[in-house]
Amino acid sequence: MKRAFGFLSIAGTVALLVAGSTAASAQTPPGGTADARAISGAKAYMQAKGLTSLKLNMMMPSIFTAGSTLEMTIFEKETGIGVNYFEVGILQVQAKAMSEAVAKSGSFDFWIGDPISLPDLVEAGLARPIDDLVVRGKADLDDIVPGFQEQAQYKGKTYGLVADGDNFILAIRKDLIEAPGERQKFKAKYGWEPGCPDTYEQWYQLAEFFTRDPKGTGVPELYGAMGYRARGWGWRWWLQQFYAKGGMPFDDGMKPLVAGKEGVEALRDYIALTKFMPKDILGWATPQAYPFYAGGNAFSIMTYPSIAIAAEHPDRSKVVGKNKYCLVPGYVVGGKLVRRAIQGYGNIFYVSNYAKHPEAAYWLSQYMTSKEVSARLVAGPNSVYDPYRKSHLTDPRVIKARTKEMVEIHLKNAQVMAPMILIQGAVEYNDALDLNVQEALLGKITAEDALKNTAAAWEKITNQIGRRQQIEGWKALKAAYPTKNVPD
Amino acid sequence: MTGLRRWLERERVFRWLPFIPVQGLFALLLFPNFLLLVYLSLLSWRITRGTWWNAAFTGLDSFQRALEDERFLWALARTFGFAAAAVPLELLLGFGLALLCRRHFRGRRFYTTVFLLPMMIVPAVVGYDLSMLLIDQGPFNQLLSLLAGRAITVRWLSEYTPAQLAVIGADVWQWTALTFLIFTSGLAGLPEDPIRAARVMGASRWQIFWHVELPLLKPVIAIAVILRSMEALKIFDYPMLLTQAGPGNATETVAVYLWRVGWEFARVSDAAAMSLVLLVVVAMYSFVAIRVLRRERRRLAEEGVA
Amino acid sequence: MRRGRRKLFPLVRHALLLAWTAVTLFPIYWMVMTSFKHAGEWVTWPPRWFPHEPTLVNYVKVLTPGTSTFELGRQTLKILKPIGDSLVVSGIGSLLAVVLGSALAYSWARFGTGGRNYPYNILSIRMVPPIVIAVPFVVYFVTLRLLDTYTGLILVYVATCLPYVIWMMLAFVEEVPVELERAARLMGVSRLRVLRSVVLPLTASGLVVTFLFVFILNWSELLLAITLTNTEVSTLPITLNKFQSANEGRDYGPQAAIGTLATLPVVVMGFLIQKHLLRGFSFGLLRK
């Protein structure tokens, strides 16, 4: 007993000493900007640990690596902190992170993930709250357009730094509209001047008009529309339409509301539009869709804003300067137009609770998401990071890579940005929705049944996780829904 | 040194020496795992809810959920369906090809070399390779169009039945190589005496095949069925790589679904319960299969003595 | 009539065999050809059966670490480490499995160690779908500190391959005449000597065949590998999976190059021992 006590007191002294030393270093590192502070913070960390070089382990979806590694190399040169990343498929981040939550092995210090997995990974104990570090490093969060950084928060704490504004945008081909005679022909047929569609009905009409299959082979030369319909992705596109219908996924008691009139109508439109899309769209996500659009094979595409990088790329794109970027279309609800843009992915830098060097990982995250470096990332030729800061609006590098029009429209869309379903069990809720939406798309079940099945599956999930807890999570999330019907 | 030799020389040591590490490996690696699986299945633990060693017992709740989960039952049925479609095809094709390649003729070596190739390719590569062939405007549809004489644009990976056919096709393409190998080995190893005797007695080729060779081959056929069907029930790579288990849930095999439940939905206890259900189903199947195999092998041993 | 038939048979046989040859070779051919194509030729209509300007650029890309290859410029392929890891894990794992399994098969065949039903019980281990053990395995391996280690993955591969090894080796061991061993023993030759100079030479081809077969199984294994590794170990199928999973990149050329590289070593090995392969898969299930 006595011995144990003695041990405790030693431990206590050590703890005090450690606390003292962290208190000493817990001042804001010098530097006028967030990236400078991140660098000096990282240097101080290395000094305190007596290290000259350090390799952080990082998990990253393979699609993001080339866009990220360049800046990481610069950070390594400055601070000695490098990154040893391992890649996973973009839809496997959740699975790998979950397995780490069980393993608690510290095999990676931080990772890039989406907001969908955040609630689960917080509850699983993997995501580390970084409020202390955000305060210390004075991360320049005030520059971020409202709505983005909130996605990295859960139950009042900050768990990550947002690096990406992924609310959808609609790109259409203005050169095709301007082609001789088209405008008149279109107007004669549909009764309005072709241009950015205000509603999904109008987008449908544009898609119908511009689907060109002169030989009647069933394989058009030009497809009228593109959007994602692949397993794991398609539900986001439906959800956006559902939101524009004025739909909400749950009521205050977590009863699913998807199976109502709004849901069914949105799903019918979603399915109807698919007939103007390339046949293989059910297997496509970004890596297939972007080159297809940039190759000039489609009239319009609703997707992530990084489409601009692909479509305006001087070497890889055949449609440079021919694109018009549009506000997301909406629906007329109760006599008023409602536009909704879903935040459909959104890279976030998360720090692991089991990290060997959480602080170093944080400094790198702050560096990557700072005003200056994020602008470079957003403008990069391989970028998957999209503008999410007010300063991106005026940054010449961003404008050069993406056109001024696109950045402005994109950040306008952000005013009517709605989140995905970001509560505990999000991946499962979304998967149930996705599965049923796709079954309806394939004609296996009716739109009504698909959404009824979804609602039933959601009820099951809610009950299993615990209704009371879910109601609280949902209440918190509801605050993130936009109040404006259309952007100013 | 001689002491060690003498020690090894004892029969008891000699015969048990390989047995101990193998059993040890199973006992230390697989058995605790199995216990853990059973333990987890009796909880209602999900990764997002504390730690598993603190989770409370909830009895058979997870099993009830598993058996009420239509998606799980469908995945199970689908997996057996895939196996039931793929394995007989593999056996028939493998057997037919082995028969055709039975005797020496010019080109035999070429054919056998080619036929063995598919099983040497990583299934992940097969999945990827097929995803390249099967695109809408890909070479496979081009070939089909040539053969059919009209344009064929099957959406192999984004329609229900075609996607299922693609997964079955991938399995058949790859593992017919193994059944071919097994049957070729079997045919090559057939004893000559009974066949010669039958021929002397004036039996026709067909009679010899049907009444002499086929019965002799029965055990080999049995092992081919067992090996292939137990591997076919594990299909994971092809759907993951070809279609993300889609479209819809057209190609969601039980392995894929369990992966999702366990790692993506974090419902570990449910995954454990489903795993045990799966294990029971597989065990019932393998019990029967192994009985057949054992009977065949015993009969063989008895005949060998006689 | 009969004569006509006899003439006809070789023709029919060749026709059928050629048909399956075409089926077999078509995907392989396409992969190899794509690996020599420039980006512009990966997807065209009509599809190109030959690269018009053959190129090695895909191979250069996948073999140069850190190069960005994806059309959108987003992926970097790190292929050398996975190849090395795969060689280590499957190589050592298969070797251990063959050593242990063949020794056990011998012991069972000669002494009945483990009881009459032992091989059948072992076979039932192979029937357990890996997904069943994947989840508890992570929990268990963490406590053993074996997660994401070579040792861990090797042990798993040894365990999952042993059933195959034992069954295949049983056949070869049973082909060794017991009388020969007995005679040697009577002459006072030690058990180990008997193993080395009688049993080993007679089962050598079997050992090689068995090794190759389990090597193929381990070389291809995805599910357990992806579950039990993170940063330290990364086998080839994991790499293939993350670059090729259904809606990741369709970076056809470099991926085809990886596929070709991943296939080549096994095919070469298989080719070298083909003669033995063709006799080695009857599992001792034929009457002598």
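**Close-up views of a predicted model**

**View 1. Residues at the contact of helices α4 and α6 in chain C.** In this predicted model, P119(C), I122(C), L123(C), I125(C) and R126(C) of α4(C) meet T160(C), L162(C), P163(C), Y164(C), I166(C), W167(C) and L170(C) of α6(C). Sorted by class, this contact between α4(C) and α6(C) has 10 nonpolar residues, one polar residue and one charged residue.

**View 2. The crossing of α4 and α6 in chain C.** The axis of helix α4 (residues 118-127) of chain C and that of helix α6 (residues 150-175) of chain C come within 7 Å and cross at roughly 140°. Angles over 145 degrees count as roughly antiparallel, and α4(C) and α6(C) are therefore oblique to each other. The crossing of these two helices, α4(C) and α6(C), is left-handed.

**View 3. A three-stranded sheet in chain A.** The strands of this open sheet follow the order β8-β7-β9 in chain A, and their pairing is antiparallel. Because β8 (300-303) and β9 (323-326) of chain A stand at the edges and each has a single partner strand, one side of each is left without a neighbour in the sheet. From one strand to the next, the twist averages 20°.

**View 4. Strands β7 and β9 of chain A, with helix α17.** Strand β7 (residues 169-173) of chain A runs antiparallel to β9(A), and four bridges join the two; A171(A) stands opposite Y325(A), which lies in β9(A). Helix α17 (residues 404-413) of chain A packs on the sheet, where it touches β7 and β9 of chain A, and its direction makes about 20° with that of β9(A).

Terms used. Residues are numbered from 1 along each chain as its sequence is written. Chains are lettered from A and ligands numbered from 1 in the order in which they are written. This is a predicted model: local features need pLDDT of at least 70, side-chain atom pairs count only at pLDDT 80 or more; totals for chains, interfaces and linings use all residues. Two strands pair if DSSP finds at least two bridges between them. Axes are lines fitted to C-alpha atoms, for helices over the stretch in contact, and angles run from 0 to 180 degrees between N-to-C directions. Two residues are in contact if their C-beta atoms, placed from the backbone, lie within 7 Å. Angles under 35 degrees count as roughly parallel, over 145 as roughly antiparallel, 65 to 115 as roughly perpendicular and the rest as oblique. A crossing is left-handed if the near helix is turned anticlockwise from the far one by less than a right angle, and right-handed if clockwise. Ala, Val, Leu, Ile, Met, Phe, Trp, Tyr, Cys and Pro count as nonpolar, Asp, Glu, Lys and Arg as charged, and the others, Gly among them, as polar.
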